[in-house]
Every structure is written in C-alpha cells, then in structure tokens.
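Please look at the sequence and the structure before reading on.

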Amino acid sequence: MRAFEVHLNGKKLCLAGIGDDGVLDVSANWVASKRGSDLFLHVGGLISPTKEHVSWVRQRRLDLGDKITVRVVEKKAVDEPTIKYRFDPTKELKNQKIYVRKMAKKLGWTLQARSKSKKAT
C-alpha cells in the first residue's frame with residue numbers, strides 16, 4: 001500500500017497508511033490570533049469503507065527550525081494508528097441542531113419546526 005514515512009528532526013515518528021480506499025494526510029499547521037499562536041504537526045486520515053478517522057500523530061507541537069520529512073513509500077504493513085474513531089450520526093445530528101438554533105438566535109431568526117404529517121391509511 002502507499003504510505004507516508006514521517007520524520008521530525010531526523011527521528012521517525014510513524015509509517016502511516018490506510019490501504020486502497022481513503023484519505024491520508026500530513027499537515028503542518030500554524031494557527032495565530034490575538035490570543036496567541038500554535039504550531040503543530042498532524043498525521044492522519046480516513047479509512048473510507050469503515051468511515052474510521054485515524055491519527056498517528058495528533059497536534060504534535062513544533063518549534064521554529066524543526067525539519068519535517070515525508071517520504072512516500074510502498075509498504076505491505078504500516079504502523080497501527082494511535083487513535084481510531086467513527087462519528088456517531090445521532091450525536092452529529094444533535095450537534096447540528098444545537099448549532100442551527102444558536103445561529104438562528106444570533107441572527108435574530110425564529111425557527112419553526114415542521115409538523116410531522118400522519119400517513120393516510
């Protein structure tokens with residue numbers, strides 16, 4: 001399988017791979033605001049058939065001068081992800097409803113729930 005061999009300052013962090021169906025990602029992120037900034041590395045992805053989100057490196061702090069090396073390789077086996085999770089559709093719907101209600105309030109909108117129609121028998 002196609003895989004990413006990730007090193008930080010010459011030290012191997014992981015050999016990440018997800019197989020033939022999914023997304024594999026390595027990203028260096030710098031987030032800055034008036035409250036401060038954060039610089040970090042993430043290695044993760046999505047295994048599409050199982051809808052599992054996976055991570056090998058999650059928000060690893062970086063410093064100025066750090067050297068990140070990503071080598072694209074073909075391997076039969078890769079490291080196990082340190083984190084695996086699936087989104088719960090029920091929780092996701094609940095969170096979306098909470099978000100819509102908050103935004104409606106912020107925008108001064110009034111929400112009206114659609115009445116559930118009864119099936120004719």
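The text below goes through the strand pairings, then an open sheet, then an aromatic pair. The model is a predicted one.

**Strand S1 and its partners**

Strand S1 covers residues 2–8 and pairs with strand S2, residues 11–16, in the antiparallel sense. Five bridges hold this pairing. One of them links Leu8 to Lys11 in S2, and Glu5 has Leu15 of S2 as its bridge partner. Together S1 and S2 make a hairpin, with two residues between the strands. In the turn, Asn9 has a positive phi of about 55°.

S1 is also joined to strand S6, residues 68–74. This pairing is antiparallel too, and has seven bridges. Among the residues involved is Arg2, whose bridge partner in S6 is Glu74.

| Residue | Bridge partner | Strand of the partner |
|---|---|---|
| Leu8 | Lys11 | S2 |
| Glu5 | Leu15 | S2 |
| Arg2 | Glu74 | S6 |
| Gly45 | Val54 | S5 |

**The open sheet**

Four strands form an open sheet in the order S3-S4-S5-S7, and their pairing is antiparallel. Which strands stand at the edges? They are S3 (22–33) and S7 (83–85). Each of these has a single partner strand, so one side of each is left without a neighbour in the sheet. On average, neighbouring strands of the sheet are turned by 25° against each other, with direction ignored.

Within the sheet, strand S4 (residues 36–47) runs antiparallel to strand S5 (residues 52–61), and seven bridges join them.

**The aromatic pair**

How many aromatic pairs does a search of the whole structure find? The search finds one. The pair is formed by Tyr85 and Phe87, with 5.8 Å from centre to centre and 90° between the planes. The arrangement counts as edge-to-face because the angle is over 60 degrees.

Are the two residues buried or exposed? Tyr85 has a relative accessible area of 32%, so this residue is partly exposed. Phe87 has a relative accessible area of 52% and is therefore exposed, as the cut-off for that class is over 50%.

Conventions: Residues numbered from 1 in each chain as written. Predicted model: local features only at pLDDT ≥ 70, side-chain atom pairs only at ≥ 80, totals over all residues. Heavy atoms only, no water. Pairing = 2+ DSSP bridges. Phe/Tyr/Trp six-rings, centres within 6.5 Å; stacked < 30°, edge-to-face > 60°. Buried < 20%, exposed > 50% of the residue type's maximum accessible area, 1.4 Å probe, protein only. Axes fitted to C-alpha atoms, helices over the stretch in contact; angles between N-to-C directions.
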